[in-house]
Amino acid sequence: MIQEQSLTAYNSYAELMGTLEGLYQQKSTGTLFIATPDNHFGRIVLKGGEIVSLVFGTKSGEAAIPFIRAVKAGKFRFSQGQTPMDGAENLPPSPILLRRLNTSAPAPAVKLQPAIDIHRLGQIYRVIEDELVEFVGPIASLVCSEHKAKFGAIAKTSALYDLLESVASEIDDMEKARLFKERVWAKIGP
């Protein structure tokens, strides 16, 4: 198990990604701090193994990915435990982020999104509205109607992912938005 460490040097990006993937697999919570030889800094925040924040210099979220990938050597340290985040980042699921961060890796063996129960797709907007009520209150119906007009019928996992990201962006709290997406996926999964 990866525990809290002092600053550790790495000589290849693969070493850094190996550490990050290990933290993901172990469902670790904390912050992976990255320092480059020319004094640039980044951090990757994990909660239960899920990547919830990416920052490199002044870039955050997905905008930080190319900058993190550009760091071929440096030092890192994992600080275990709860870590406050700098704001709401609407990030894709961790397997997608890991694939984007690790350009040399083959496609991950894990599913990128849960399988969709094809019989539930016709009811997706009802499921979304039922879950959304808890997070936005009585305007859930209006929010759902607006997104239905924008996205129409959902027939593919990628379209559903885009729809859920869009609806979740209507929820002010990042943790609540994540919980909303998890609940919808749980209801439409196999």
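**Figure 1. Helices α1 and α3 in the predicted model.** In this predicted model, the axes of helix α1 (residues 13-25) and helix α3 (residues 94-101) come within 11 Å and cross at roughly 175°. Because of this angle, α1 is roughly antiparallel to α3. On the α1 side, the contact is formed by Tyr-13, Met-17, Leu-20, Glu-21 and Tyr-24, which meet Ser-94, Pro-95, Leu-98 and Leu-101 of α3. Seven of the residues in this contact of α1 with α3 are nonpolar, one is polar and one is charged.

**Figure 2. Surroundings of Asn-102.** Asn-102 is placed in the loop between α3 and α4 (118-121). Its relative accessible area is 10%, which is under the 20% limit, so Asn-102 counts as buried. Apart from its neighbours within four places in sequence, Asn-102 is in contact with Tyr-13, Met-17 and Glu-21.

Figure 3. The largest nonpolar core holds 24 residues, of which Leu-20, Ile-44, Ile-51, Leu-54 and Ile-68 touch the most other members. At least two residues of this core come from each of α1, β2 (30-35), β3 (41-47), β4 (50-56), α2 (65-69), β6 (74-80) and α3. Helix α1 gives the most to this core, with six residues. For Ile-68, leaving aside neighbours within four places in sequence, the contacts are with Tyr-13, Ile-34, Ile-44, Leu-54, Val-55, Phe-56 and Leu-101. A second, separate core has 23 residues, among them Ile-124, Tyr-125, Ala-168 and Ala-177.

**Figure 4. Helix α5 and the residue that follows.** Helix α5 (residues 124-136) has 13 residues, and at 1.5 Å a residue should span 18 Å. The buried residues of α5 are Ile-124, Tyr-125, Val-127, Ile-128, Glu-131, Leu-132, Phe-135 and Val-136. Of these, Ile-124 and Tyr-125 are included in the second core. Just after α5, Gly-137 adopts a positive phi of about 75°.

**Figure 5. Pro-37 in the loop between β2 and β3.** The loop between β2 and β3 contains Pro-37. With a relative accessibility of 68%, which is over the 50% limit, Pro-37 counts as exposed. Not counting residues up to four places away in sequence, Pro-37 touches Ala-73 and Gly-74. Pro-37 and Ala-9 lie 28 residues apart in sequence, and their C-alpha atoms are 10.0 Å apart in space.

Technical notes:
Residues numbered from 1 in each chain as written. Predicted model: local features only at pLDDT ≥ 70, side-chain atom pairs only at ≥ 80, totals over all residues. Heavy atoms only, no water. Axes fitted to C-alpha atoms, helices over the stretch in contact; angles between N-to-C directions. Helix = DSSP H or I, 4+ residues; strand = E, 2+ residues; numbered from the N terminus. Parallel < 35°, antiparallel > 145°, perpendicular 65-115°, else oblique. Contact = heavy atoms within 4.5 Å. Nonpolar A, V, L, I, M, F, W, Y, C, P; charged D, E, K, R; others polar. Buried < 20%, exposed > 50% of the residue type's maximum accessible area, 1.4 Å probe, protein only. Core = buried A, V, L, I, M, F, W, Y, C linked by side-chain atoms within 4.5 Å. Expected span 1.5 Å × (residues − 1).
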